[in-house]
Amino acid sequence: MRLTTKDITFTALFAALIVVGAFLKVDIPLPLYTMHFTLQWFFVLMAGFLLGAKLGAFSVITYILIGLTGLPVFAAGGGIGYVLRPGFGFLLGFIFAAFLIGSLTEKLKPTKLWQYIIPATVGLFAYYAVGAVYFYLIKNLYVGEAVSFSVVVVQYCLITVLPDFILCVVAAGFATQLIPVFRKMITVRL
């Protein structure tokens, strides 16, 4: 995949917006782990909607790589050690979600709010699936705390899935208005 200057610029812009979203958070202290409800998910949704599958996923990968280098851009810091945190799987889930949202948006070519909610919901399930499996594996295999998968789902997914679905609806509303403008903007020669 050959990236143009515009592609790189928009990818960097969305990586930066995801960073901003990480700092707009509410901490939820839970027995096994403190969860962070952030606005990262909103910007991941918008990256998928506006940039498409490949660039949307690339913007999330860029964000994660920045955090893994040690810059504190994640909700609870940064650095390579972050991969051993149970919540890191949710960041990995963002990659798959952005790709799926972008891919479905490109194929379905939605024009109405409810049509954008479909790719957003598929992305939400992917994001939570990857996050829950990673959380379960890290807790059980690395940390050594026996946690059932049902506990992970109930205590770490069900708490934030409704607010994240609301963000899906809000992002879908923004997408219905922004995509026509964004498409015109990216076709203009610089």
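Reader: What share of the 190 residues of the protein chain counts as buried?

Author: In this predicted model, 47% of the 190 residues of the protein chain count as buried. The accessible surface of the chain comes to about 9,500 Å², and 73% of that surface belongs to carbon and sulfur atoms.

Reader: Why is Tyr156 called buried?

Author: A residue is buried when its relative accessible area is under 20%. The value for Tyr156 is 0%, and Tyr156 is therefore buried. Its place is in helix H5, residues 149-156.

Reader: What makes Lys109 exposed?

Author: The term exposed requires a relative accessible area over 50%. Lys109 has 60%, so Lys109 is exposed. The residue lies in the loop between helix H3 (88-108) and H4. Phi of Lys109 is near 45 degrees, a positive value in a residue other than glycine. In general, most residues other than glycine have a negative phi.

Reader: How do you know that the span of helix H4 agrees with its number of residues?

Author: Helix H4 covers residues 113-143, which makes 31 residues. At 1.5 Å a residue, the helix should span 45 Å, and its end C-alpha atoms are 42 Å apart; the two values therefore agree. Just after H4, Gly144 takes a positive phi of about 85 degrees.

Reader: Which salt bridge does the buried residue Asp7 have, or has Asp7 none?

Author: Asp7 has no salt bridge, yet is buried. A salt bridge needs a side-chain nitrogen of Lys or Arg within 4 Å of a carboxyl oxygen of Asp or Glu. Asp7 lies in helix H1, residues 5-23. Leaving aside residues up to four places away in sequence, Asp7 touches Arg2 and Leu55.

Reader: What is the order of the elements in the protein chain?

Author: From the N terminus on, the elements run α-β-β-α-α-α-α-α. The secondary structure comes to 6 helices and 2 strands.

Reader: Why is the protein chain called as compact as a globular protein of that length?

Author: The radius of gyration of the chain is 16 Å, and the globule rule gives 16 Å for 190 residues. The two values are close, so the chain is as compact as a globular protein of that length. Along the principal axes, the C-alpha atoms fill a box of roughly 55 × 35 × 25 Å. Among contacts between residues at least 6 apart in sequence, 72% join residues at least 24 apart.

Notes:
Residues are numbered from 1 along each chain as its sequence is written. This is a predicted model: local features need pLDDT of at least 70, side-chain atom pairs count only at pLDDT 80 or more; totals for chains, interfaces and linings use all residues. Side-chain values use heavy atoms; hydrogens and water are left out. Helices (H or I, at least four residues) and strands (E, at least two) are DSSP runs, numbered from the N terminus. Buried means under 20% relative accessible area, exposed over 50%, partly exposed in between (1.4 Å probe, protein chains only). Lys and Arg count as positive and Asp and Glu as negative; His and the chain ends are not counted. Contact means heavy atoms within 4.5 Å. The expected span of a helix is 1.5 Å times one less than its number of residues. The radius of gyration is taken over C-alpha atoms; the globule rule is 2.2 Å times the number of residues to the power 0.38. Accessible areas come from the Shrake-Rupley method with a 1.4 Å probe; for residues, only the protein chains shown count as cover.
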